[in-house]
Amino acid sequence: MKQSINKDLLGIFLLILLIVQNSISQEKNVHSKNIKKYSPTYINSSIRIDGELTENIWSEIPKAKDFWMNFPRGDKLSNEFIQTEVQIAYDNTKIYIAATCYTNRPSTVLTLKRDNPLFWNGDVFGVVLDPLNAKNSGYIFATNPKSVEVDATLGNQNITRETSLFNAVNNSWNSQWQAGVQVYEDKWTVEIAIPFRVLRYANKGDWGINFFRRDATTNSYHTWSPVPIEYQEMNLDNLGHLKWPSVLNAKKRIGAISPYMLGEYSKDFTSGNSKSNLTIKAGIDAKIAITPGLDLDITVNPDFSQVEVDQQVTNLSTVNIRFPEQRLFFQENSDLFEIFGIPPMRPFYSRTIGLDENGNTIPILFGVRLSGAINKDFRVGLMNVLTDQSAEINGVNYTSFATHHRLLGKVFIKGYFHNLQDVKDGKIQKDDFNRTGGLEVAYRSNNGKWRSSLGYGLSDSPDVKGKNGFYKTELGYNDRNISFFSNVAGVGNNYINEIGFIPRMFHRDALNDTIFRKGFDHFFTRAGYTFYPEGKKINSHRLGIRNIYSITRDGVMFRSEWIPNYILKWKNSSEFNFSYSFLRPRLLYPFAFTEGEPLPAGTYNYNTAALFYSTDNRKKIILETGIQFGGFYNGKRGQATLNIEYRLQPWGIFSVNTEYNDIRLPEPYGKTELVLVGSKFELNFSKSWFWTTFLQYNTQQDNFNINSRIQWQINSLSNLFIVYTNNYAIENWGEKNRALVIKLNYWLDI
């Protein structure tokens, strides 16, 4: 089996080389007549950021116009009634951007909260900046007709049409800038001021830039520099050029500090100790600009109690769920560390630091991170974090290093090294460690259509030798109609990675309550064809198929899936999705899904069908519903979901998400009904005051959770939080724990 896999890898590698050679030769004649250029105007006068465009200077500055449609058409200029004009000025401290967004219909604003995904479903104007002109990282600054300010960073990836926008960008990055908007009958006008000090840049005359506009009424996207329809409007490979008329003499960043104070009242009803706890904490975060592109972040005694709770899910697989990282310290420049491997096999997963397997907090004493760009071709990240020791576990010192270096235009050499070292009573435990490291070579064509990569890594743990490797290779293609992606990856039996996320490596024997580690090889392929009809109702049809195949290193198949699907998207943003799955899993050990006897080890064959439909996401009331039915191992399973959301635009959002699973296995393996209900109530009293409450009822976890958070945004980076959390057991309806936290942090530039 190993020889066969090696032959497959060699074949894929040779294919990648041929494709790379062919792509490079073809791209010498890339058609580039539509690449836009703009030169900003230096000013000495002041500009009031109110969106009115009444300053005389705006009448003298050239306009960037003739926007192109990005979606649902990618080959035509924007319609006459959705024209956009942009102007740029600058002084020694800020970049000023003015935009006039013409429209013939009332504007749509769904939320006043800056980090809410609903922001992107309304009317939006934004700018993408790549100050190093490297096309491997960038900034987004966007606003809407209510002048809500949203900022984010972009990493080194193509944002395809299928990519979730909220997941593709790093929304945790926040900076101090201004946006002002005025709304008129036939247009809305924007003024934006971005301080140079919040950007990483070199004093060079050419930046990457693009402007984008989302028109909610027509469900269309528009960009100044054309972006192909298969990519979203923020894609870094399609930026225009911002040509500075002279060397920038702007004020450089020094840094900032953000101290916090916190008071917490808590009580744990499961410990047998009825005593309440009152805790007072303080800590500090600091950001220091080492170079124009490199930042040093320091956190001492950090606290993340204001972070939203994880959205609970029903898990009917045999592996753990990968939850997203929501803690600010680990999110900025996170792509530097996390982009290695393949989804979902990642050598680095930040939630292994400071959180246990159940998401409970392990206190962090301090953290230091140096990250950013040395130059436009070289990015680097170095992080060190120390967690606290308790009576049950030692402290752990985490050290992570990652580097991305670009060669020959679109070839990237990437490397990583992670070291975990136990710490007890202030002393490093030299014989208690885990280390992983690896190298990857990646290629992405100039037009962004082709991508491929190869990688290999090793782990090192005490008394473990051999069979400790991790490999990956992938090949992808994406254009207007055709998309294809395939990867092969695998780990040895002794590949131990305590800072990563490698699902399907661990298998539980339910009879003996034992976990076994097994190396495996994983094969994944998906392909799809999308076409965009000429019509007034439908945006696109997409036909696709996905295959997953996993096999242990000793030749035992334990996962085989073939899943064809069809997706229909209407111009009003509603969507229909149908899929049919041919499943052939193998349980390597007995496994229990119900309270009956565990299913015996062996191979199971069954099929399932699934249908999903969502209504127009711009309306006040939105419905998302789906059903899934068919086999489940040696029995049957039915699933129904219904999500209802009501928006009192833009002041309130009220939603209820429900999921019901009915699993029926033959005797003696049992049956079960699982209910998951999640409610979210969000009130936006203004652009500064927010109240968000989560209610989550999960019978699988035997937990009912209440999480309520009031936030006063003093300025873009300073906040007061009041957070109340309570957990109850469902079966016996007993209180588990509760906590009330009041936290204040304040951002100070230095």
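Is Arg618 buried or exposed, and at what relative accessibility? I looked this up before anything else in the entry. Arg618 counts as buried, at 16% relative accessibility. I keep in mind throughout that this is a predicted model.

**Entry: the Arg618 pair**

I then checked the partner of Arg618. Its side chain meets that of Asp616 in a salt bridge, with 2.8 Å from N to O. Asp616 has a relative accessible area of 9% and is buried. Buried means under 20% here, so the 16% of Arg618 falls on that side of the cut-off.

**Entry: the count**

I looked up how many salt bridges the model holds, and the count comes to 28. As background, I note that side chains of opposite charge can pair when their charged atoms come close.

**Entry: Lys281 and Asp303**

I took this pair next. The side chains of Lys281 and Asp303 form a salt bridge at 3.5 Å, N to O. Lys281 sits in strand E15 (residues 277-291), while Asp303 sits in the loop between strand E16 (294-300) and helix H3 (328-331), so the bridge ties together parts that are 22 residues apart in sequence. I also looked up the cover on each partner. Lys281 is partly exposed, its relative accessible area being 22%. Asp303 counts as buried at 12% relative accessibility.

**Entry: Glu735 and Arg738**

I found a salt bridge between the side chains of Glu735 and Arg738, at 2.8 Å from N to O. Glu735 counts as partly exposed at 24% relative accessibility. For Arg738 I read 24% relative accessibility, which also counts as partly exposed. I then looked for salt bridges that share partners, and noted one network that joins Lys414, Glu440, Lys472 and Glu474.

**Entry: the nonpolar patch**

I turned from charged side chains to the surface. A nonpolar patch there is formed by Tyr265, Leu278, Phe685, Trp689, Trp691, Ile710, Trp712, Ile722, Tyr724, Leu740 and Ile742. Together these residues have about 1,000 Å² of accessible area. I checked which elements give two or more residues to the patch: they are strand E38 (689-698), strand E39 (703-715), strand E40 (718-729) and strand E41 (734-745).

I picked out one of the patch residues, Phe685. Where does Phe685 lie? I placed Phe685 in the loop between strand E37 (671-684) and E38. At 52% relative accessibility, Phe685 counts as exposed. The cut-off for exposed is over 50%, so Phe685 passes at 52%.

Notes:
Residues numbered from 1 in each chain as written. Predicted model: local features only at pLDDT ≥ 70, side-chain atom pairs only at ≥ 80, totals over all residues. Heavy atoms only, no water. Salt bridge = Lys/Arg side-chain N within 4 Å of Asp/Glu carboxyl O. Helix = DSSP H or I, 4+ residues; strand = E, 2+ residues; numbered from the N terminus. Buried < 20%, exposed > 50% of the residue type's maximum accessible area, 1.4 Å probe, protein only. Patch = residues over 30% accessible without salt bridge, like charges linked within 9 Å, V, L, I, M, F, W, Y side chains within 5 Å. Areas by Shrake-Rupley, 256 points an atom, 1.4 Å probe, with all protein chains shown as cover.
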